[in-house]
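Please keep the sequence and the coordinates at hand while reading.

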Amino acid sequence: MASRPKRRAVGSGAPQPPGGPAVRAEEEEEDGVEDEDEDEEDSDEDDDEDDESVDEEVNVEFEAYSISDKDHDGIKKLLQQLFLKAPVNTAELTDLLIQQNHIGSVIKQTDVSEDSDDDVDEDEIFGFISLLNLTERKGTQCAEQIKELILSSCEKNCGKSLVEQLDTLLNDNSKPVGFLLSERFINVPPQIALPMHQQLQKELAEAHKTNKPCGKCYFYLLISKTFVEAGKNSKKKGSNQEEKEELMFANAEEEFFYEKAILKFSYSVQEESDTRLGGRWSFDDVPMKPLRTVMLIPGDRMDEIMDRLKEHLSV
């Protein structure tokens, strides 16, 4: 499964073009003030060239691979991007995802040449998709921590009835809940999500047919990285209705999951946000407040979501 999205180049600015006029020492002494003005102009030009370099688009080919032991560090890093400082054992979660590698994929750059200008490790992962069946993994530290994180966040941001409903669904052993994880770096476009989700659904169906771990899920649980304009609240406490138009999704395709969710709420991670991992977010120079949006989607709605992804993300 491969696609050809584009990523935005980041890094140092473009070098100065050769052959520019040299400035003699005598002129520097006589026209010191003028040179200061010229230096400022040159600096502005350098900044413009830096901006052009940053905005440059390069073609990169990604391909999906089965999850393996060598992907441990990359997956853990992406999980930390999601959970930030929340008390979730991401090392154990990563180990479980690797153990059940009959489902899930990692995204890597293909055909990384040895003389490539981009300092890219051929084993570096740019994203991954997998699922942890919280019902099957009941009793493991990370599964219990994930449920506790979601329930405690719900208690702080929602009404009692919603908390009770969520608690019941998460602890109903007759209707397994799958925690869907789809994480990638921000410069990987949403088009890559379509084949990743389609492949995961095939793998889950096969696991169910062959009675392997994960298998059929009655519900899918997502924690999505979202943002709202700073100073605005996404909802009022006690309400199960959020103003979708106020939410911006870091993974754009997750808006389609949001539309089909029977239960959803958001909580702030403003105080936990690590700019080293997530960057300092703004859209059109409007500062944004980082959130996590929890969604619970019935399994029988996944086909509709896949159709929506196909409609909007097909290349």
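The model is predicted, so local features are reported only at pLDDT of at least 70 and side-chain atom pairs only at pLDDT 80 or more, while totals for chains, interfaces and linings use all residues. Residues are numbered from 1 along each chain as its sequence is written, and side-chain values use heavy atoms, with hydrogens and water left out.

**Positive phi**

Leu-84, although not a glycine, has a positive phi of about 55 degrees, and this residue sits in the loop that runs between helix H3 (72–83) and helix H4 (90–99). Helices (H or I, at least four residues) and strands (E, at least two) are DSSP runs numbered from the N terminus. Leu-84 counts as buried because its relative accessibility is 19%; buried means under 20% relative accessible area, exposed over 50%, and partly exposed in between, with a 1.4 Å probe and protein chains only. Cys-214 is another non-glycine residue with positive phi, here near 85 degrees, and it is placed in the loop between helix H7 (193–209) and strand E8 (219–229). With a relative accessibility of 2%, Cys-214 is likewise counted as buried.

**Salt bridges**

There are nine salt bridges in the structure, a salt bridge being a side-chain nitrogen of Lys or Arg within 4 Å of a carboxyl oxygen of Asp or Glu. Three of them are listed here.

| Pair | N to O distance |
|---|---|
| Lys-70 and Asp-123 | 3.5 Å |
| Glu-144 and Lys-147 | 3.5 Å |
| Glu-253 and Arg-184 | 2.9 Å |

The salt bridge of Lys-70 with Asp-123 links distant parts of the chain, since Lys-70 belongs to the loop between strand E4 (62–66) and H3 whereas Asp-123 belongs to the loop between strand E5 (105–109) and strand E6 (125–133), 53 residues apart. Lys-70 is exposed at 55% relative accessibility, while Asp-123 is partly exposed at 30%.

Glu-144 and Lys-147 are three residues apart in helix H5 (residues 141–157), and therefore about one helical turn separates them. Glu-144 is partly exposed, with a relative accessible area of 32%, but Lys-147 is buried at 7%.

In the salt bridge between Glu-253 and Arg-184, Glu-253 lies in the loop between strand E9 (248–249) and helix H8 (254–260) and Arg-184 lies in strand E7 (residues 177–184), so the pair ties together parts 69 residues apart in sequence. Glu-253 is buried, with a relative accessible area of 0%, and Arg-184 is buried at 6%.
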